[in-house]
Amino acid sequence: MNEELDSQLSAMFDDELPEDQCQLLARRLSRDDALKARWRRYAVIGAAIRAERQGGAVGRLETNLASRVSAAVSAEPALAGEVVAQNAVRKAGGMRWWQPVAGGAIAASVAAMSVLWIRAQAPVGADTLVAENAAAPAALTQTVAQRMGDDSASESYVVPATVERTPIVPSAELANYVVAHSEFSAPVNRRNMLSALVASEPLAEVDAASSEPNGAAPATNVVEVSRPNVEEASK
Amino acid sequence: MSADVSDLSLVRRVQRGDKGAFDALVLKYQHKVVKLVMRYVRNPAEAEDIAQEAFIKAYRALPQFRGDSAFYTWLYRIAINTAKNAVVSRDRSPIDFDLDLQNPDESYDMQGRLKDSETPEALTLTEEIRSTVNSAIDALPEDLRTAIVLRELEGLSYEEIADAMGCPVGTVRSRIFRAREAIDRRLREVFEGGLGRAEELG
């Protein structure tokens with residue numbers, strides 16, 4: 001038996017051998033009787049040192065306990081099948097309980113993120129803007145009627161003076177884009193947050209406007225701001 | 001170095017069906033388990049019976065051992081529970097009481113009956129091993145003796161011993177190995193004679 005192997009065995013006995021070497025040596029230890037006998041004497045040395053220094057009851061240093069246990073274990077079934085089966089059961093059991101919990105957690109997270117995102121995207125002062133716009137339908141209706149009745153008349157894209165524009169009003173390009181596309185989308189889609197932001201008038205009115213026979217774009221205040229491009233596209 | 005690596009290596013082998021690896025675990029911890037059980041029963045032979053039962057229980061329970069705690073911690077828990085149950089069942093057993101009445105002249109220790117296996121020869125062998133180990137330790141050079149005693153008695157890691165002795169960890173490993181080899185040479189002689197006697201003891 002070479003000295004390096006014995007040195008490794010000594011280190012393994014003290015839990016001081018690297019894991020990869022431990023695995024190799026454990027395999028050899030379980031099969032090599034000479035190595036096992038040395039391992040046993042290492043244990044006896046430790047027990048003798050502790051017995052001498054610490055005193056107290058120590059039992060017998062030379063005992064056939066290990067051979068008795070080994071004989072009893074020999075009559076037991078090997079564990080490999082049990083371990084695999086129990087791991088499979090544990091894994092299956094784990095899947096059963098955490099799947100619905102995980103599903104619920106994901107759904108709750110998505111819902112919470114949606115709420116937070118919508119709240120973050122909501123324009124500051126949007127309520128004020130809508131309230132102000134609520135007073136404008138009359139002016140808008142008049143403007144639309146004029147446009148429908150007299151195409152030669154110069155188009156007026158004047159926003160009612162009562163509506164004060166705030167910095168949170170979306171850019172003309174964005175509004176133009178949304179309005180152009182809203183003509184081809186279902187009403188429910190226009191109820192999304194961005195449409196609501198752009199077309200800040202009651203949905204019922206938007207629906208009514210979009211159902212006009214000439215297919216005019218929804219008459220909203222914000223739309224009127226950037227109307228020229230839309231008008232050209234619809235002509 | 002993570003603790004319990006060597007035990008885990010052996011445990012994993014047992015869990016894969018290698019019973020020989022369990023022998024190594026029993027050999028390593030049998031003295032500690034018996035000593036632990038002897039807190040509950042003073043008789044060494046009875047303590048060995050309980051330790052044997054504990055080891056077999058541990059073997060059967062190994063499929064549930066996941067390595068969350070150290071193997072010896074897990075094993076000690078099983079041993080303590082086994083010892084407690086043994087004490088309770090022994091105290092409740094009417095057989096012991098009957099034996100007491102039927103054999104009033106038989107000598108007993110504090111915790112129970114003296115078993116036949118606890119013979120003077122067995123005690124002599126234990127004393128022989130103990131004295132051999134101690135004389136071998138006394139004969140060791142100072143640095144080897146300090147290293148092995150710090151490891152076995154104080155339970156220090158190699159790194160802690162290296163700090164205490166002011167030397168590299170590799171030197172500690174070498175010193176402990178050389179100390180064990182020196183003691184083992186003397187111990188082997190006892191074992192070669194003693195094992196024959198032990199077998200005779202049955």
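This is a predicted model: local features need pLDDT of at least 70, side-chain atom pairs count only at pLDDT 80 or more; totals for chains, interfaces and linings use all residues.
Local features require pLDDT of at least 70 and side-chain atom pairs pLDDT 80 or more, while totals for chains, interfaces and linings use all residues. Residues are numbered from 1 along each chain as its sequence is written, and chains are lettered from A and ligands numbered from 1 in the order in which they are written.

Chain A has 13 helices and zero strands. Helices are DSSP runs of H or I with at least four residues, strands runs of E with at least two, numbered from the N terminus. Of its 235 residues, 28% are buried (20 or more other C-beta atoms within 10 Å of the residue's own, with C-beta atoms placed from the backbone). Mean pLDDT, the predictor's confidence from 0 to 100, is 66 for chain A. A score of at least 70 is reached by 39% of the residues. Residues 201-235 of chain A fall below 50.

Beyond four places in sequence, B:Val133 is in contact with A:Ile45, A:Ala48, A:Ile49, B:Ile183 and B:Leu187. Contact means C-beta atoms, placed from the backbone, within 7 Å.

Between the chains, 64 residues of chain B are in contact with 58 of chain A. On the chain B side, α2(B) supplies the largest share, 13 residues.

Terms used. A residue is buried if 20 or more other C-beta atoms lie within 10 Å of its own, exposed if 12 or fewer, and partly exposed in between; C-beta atoms are placed from the backbone. Two residues are in contact if their C-beta atoms, placed from the backbone, lie within 7 Å.
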